[in-house]
Amino acid sequence: MENTALVILKMLMILICAAWIALWILKPTNLWTKIWHEAEDRARPTLFGYYGLNFAVSTFPVIALAIIGFVYLHLLPRKPRIRQARSSATALSNPLVVNSIVGILSSFEILLVFLFVIFLVWTYYARISNDFKKLMPVKSLKLDTWQLKYLRVATRFGLLAEACLALLLLPILRGLSLFRLLGIQFEASVRYHIWLGTAMIFFATIHGGSTLFVWGVSHHIQDEMWRWQKTGRIYLAGEIALVTGLVMWITSLPQIRRKKFEFFYYTHHLYIIFLIFFLFHAGDRHFYMVFGGIFLFGLDKLLRFIQSRPETCILSARVFPSKAIELILPKHAGLKFTPTSVIFMKIPSISKFQWHSFSITSSSSVDDQTMSLIVKCDGEWTSSLYQMIHAELDSDADQMRCIPVAIEGPYGPATMDFLRYDSLLLVAGGIGITPFLSILQEIASAQSNRKYRFPSKVQLIYVIKSSQEICLLNSISPLLSNQQSKKWHLTLKVFVTQEEQSSVTVREVLNDLSLVRAVRFGTQSNYAVNGLESLIWMAALVGITSILFVIFLISLNHIFVPVEKKLPSEKLAAPSEKVVSKEKTPSWVADLIILSSFIIAITGSTLMAILLRWRRLKKQTPPVSLNQGKAVQVLGPIEEEHEINFGGRPNFEEIFSELEKETAGSDIGVLVCGPESMKESVAKTSQRKSQCFMMNANKDKPYFNFHSLNFTF
């Protein structure tokens with residue numbers, strides 16, 4: 001019954017997605033323009049109005065996809081039940097292009113980019129060819145033919161920017177993320193947001209710059225650029241939106257973002273100004289085409305704000321060498337999350353506005369009441385945290401003060417299908433070990449349950465600069481010893497790149513407790529991390545918010561923008577004699593109605609979410625006591641096969657070849673997390689091995705499935 005429901009929901013999502021894509025493809029055609037104008041004319045005198053029709057056709061498909069998608073994810077089994085089968089879909093997810101400029105691109109990503117570029121070319125060609133056939137002079141401008149054509153060219157570039165904006169916010173949704181339907185996590189989907197944002201600014205700059213150029217050469221720039229028209233395109237609003245977008249794009253460049261993260265973070269909140277002035281510039285009909293992503297993003301932002309309240313407190317911390325800190329946080333016993341999940345954390349005593357993401361290093365299957373994360377203290381914000389913890393360590397107080405924190409998340413994959421392989425090769429560089437700690441604990445805890453299928457062989461490659469960083473493996477030290485009785489096998493190979501040969505062993509470093517300092521904090525909060533609301537609850541909230549929006553959209557339009565003057569004699573008048581007041585109403589009034597309806601709708605939904613959150617917190621038990629903080633693990637007898645190598649980097653060709661011999665005929669999942677150069681090296685090796693498999697088509701030859709984990713720490 002459950003499988004049937006999943007198939008039906010999947011088919012519905014495919015149909016909705018296909019219909020929305022078809023709408024974008026047909027939109028530039030004369031046939032669609034004719035059909036759509038007739039549909040609007042028929043809808044205008046009805047209760048629903050042309051605005052309701054635009055919302056239903058252009059915006060609601062994205063919202064419906066979210067609602068159905070959340071129900072689908074709710075019904076989807078979280079843990080893998082069968083092994084990952086070799087398929088063409090699996091091959092499409094493996095890297096096809098690997099270089100330092102574009103990074104690692106799979107066949108599936110390249111295919112989607114190619115199709116999107118084809119769509120943009122089609123849209124532009126269809127629009128501009130029709131414009132040139134019906135070239136009409138602009139009444140307010142006296143332009144030559146070439147100027148008029150160039151103005152149409154500039155105008156149509158705005159439509160390409162609009163197409164990019166329609167998708168721009170979807171990759172950065174967190175609680176309401178649609179990318180979980182594709183098995184893509186937030187940190188991995190951010191790069192799609194970067195690509196779309198860059199393309200949007202590129203097209204918008206051509207659109208705005210070329211328009212200003214035409215005004216300049218025709219000596220109309222002073223008259224046109226400051227105009228706030230009563231109807232039609234508002235030029236000044238478009239100029240403000242373009243300047244705002246350029247500021248956000250420039251400050252998000254890697255050279256600025258990495259060195260001045262705070263500057264990037266604060267200027268990126270100019271998106272509110274950008275979206276409002278885009279609405280005034282493009283008008284309500286164009287805005288409905290991009291409103292689906294904006295609708296979900298606005299609701300997602302408010303739900304994240306509610307979820308981060310009230311604040312909790314750090315239970316304890318452990319300070320590792322190389323400026324790394326493990327934080328232990330209280331969590332609700334019912335909160336479950338998948339391995340590789342991340343949380344966003346804000347510490348008000350450091351900054352009241354900044355949020356930073358961290359991978360969870362613990363497993364909810366092992367730790368019922370706590371969750372842990374490891375922070376590498378390199379940046380300004382993390383260095384402040386390091387100094388704060390050190391100040392508590394150096395103080396003589398019997399009871400350490402409470403450190404309040406606000407938490408969003410956890411956000412992670414909907415299922416653990418990415419672990420559905422015969423064997424796993426985990427490659428970590430430095431602090432990139434953090435997501436693998438949760439994976440290994442999850443696999444170990446699932447061995448007693450025959451219902452779920454996890455890898456029987458795992459090899460962990462850990463590349464570090466200093467041998468002291470091995471201490472970060474402390475939480476999995478019990479898994480490295482006494483493996484004779486286990487149903488799965490874990491092998492560790494450590495590569496220390498910046499130290500000479502030493503006789504130290506993995507066991508000696510892990511058991512050197514002098515390298516780790518621990519501190520327990522006082523707690524003034526009775527609240528633990530509760531996590532996200534259920535997917536069914538979020539689906540219902542999205543549906544309710546959309547209903548509220550439509551109700552207020554229709555009501556406000558009928559109040560402020562009546563379609564026709566309702567006179568008693570109008571029923572007897574001919575259609576040509578009817579007085580239409582819509583044409584006399586400024587176009588920005590309809591824009592303000594959309595904005596007002598959206599604010600009212602999400603405000604109502606927010607109040608509902610706050611009420612439900614408050615009722616849930618009332619039933620919550622107090623968080624774990626201080627005595628339940630984690631202790632440093634002491635490693636028992638260790639297997640001789642665990643290696644520690646000094647003064648060199650791993651040879652991935654040799655590692656892959658050895659794994660091929662040991663796991664003949666099995667599917668191998670390759671997960672890598674660390675510096676970009678290391679990811680690219682592993683991806684190239686995996687690419688060559690997979691191509692070799694495809695050429696030989698040998699079922700007894702292992703097949704490598706590459707996954708890159710793009711987490712921030």
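## Basis of the model

The model is predicted, so local features need pLDDT of at least 70 and side-chain atom pairs count only at pLDDT 80 or more, while totals for chains, interfaces and linings use all residues. Residues are numbered from 1 along each chain as its sequence is written, and side-chain values use heavy atoms, with hydrogens and water left out.

Helices (H or I, at least four residues) and strands (E, at least two) are DSSP runs, numbered from the N terminus. Strand S4 covers residues 316-320, and five of its five residues are buried, so the strand is largely enclosed by the rest of the structure; here buried means under 20% relative accessible area, exposed means over 50%, and partly exposed lies in between, with a 1.4 Å probe and protein chains only. Ser-316, Arg-318 and Phe-320 point one way from S4, whereas Ala-317 and Val-319 point the other way, and all are buried.

Two strands count as paired if DSSP finds at least two bridges between them. S4 pairs in the antiparallel sense with strand S5 (residues 324-330) over five bridges, and Val-319 has Ile-325 as its bridge partner in S5. The hairpin of S4 and S5 has three residues between the strands, and in it Ser-322 takes a positive phi near 60 degrees. S4 also pairs in the antiparallel sense with strand S13 (residues 517-520), over four bridges, where Ala-317 stands opposite Val-519.

## Salt bridges

Side chains of opposite charge can pair when their charged atoms come close. A salt bridge is a side-chain nitrogen of Lys or Arg within 4 Å of a carboxyl oxygen of Asp or Glu, and by this rule the count comes to 17 salt bridges. Arg-304 forms one of them with Glu-408, with the closest N and O atoms 3.3 Å apart. This pair links distant parts of the chain, with Arg-304 in helix H13 (residues 284-307) and Glu-408 in strand S9 (residues 404-411), 104 residues apart.

Lys-336 lies in the loop between S5 and strand S6 (342-346) and Asp-368 in the loop between strand S7 (356-359) and strand S8 (370-376), so that the pair links distant parts of the chain, 32 residues apart. Lys-336 is partly exposed, with a relative accessible area of 44%, and Asp-368 counts as partly exposed at 41% relative accessibility.

## The disulfide

The structure holds one disulfide, a term that stands for a pair of cysteine sulfur atoms within 2.5 Å. The disulfide joins Cys-313 to Cys-402, with an S to S distance of 2.1 Å, and it is left-handed because the torsion about the S-S bond is about -60 degrees. Cys-313 lies in strand S3 (residues 312-313) and Cys-402 in the loop between helix H14 (380-394) and S9, so the pair ties together parts that are 89 residues apart in sequence. Cys-313 and Cys-402 are buried.

## Aromatic pairs

Rings of Phe, Tyr and Trp (its six-membered ring) pair if their centres lie within 6.5 Å, and planes under 30 degrees apart count as stacked, over 60 as edge-to-face and the rest as tilted. The structure holds 31 aromatic pairs. The rings of Trp-215 and Tyr-235 have their centres 4.9 Å apart and their planes at 55 degrees, so this pair is tilted. Trp-215 lies in helix H7 (residues 186-217) and Tyr-235 in helix H9 (residues 235-251), 20 residues apart; Trp-215 is buried, with a relative accessible area of 4%, whereas Tyr-235 counts as partly exposed at 25% relative accessibility.

Phe-344 and Tyr-411 form an edge-to-face pair, at 6.0 Å centre to centre and 65 degrees between the planes. Phe-344 lies in strand S6 and Tyr-411 in strand S9, so the pair ties together parts that are 67 residues apart in sequence.
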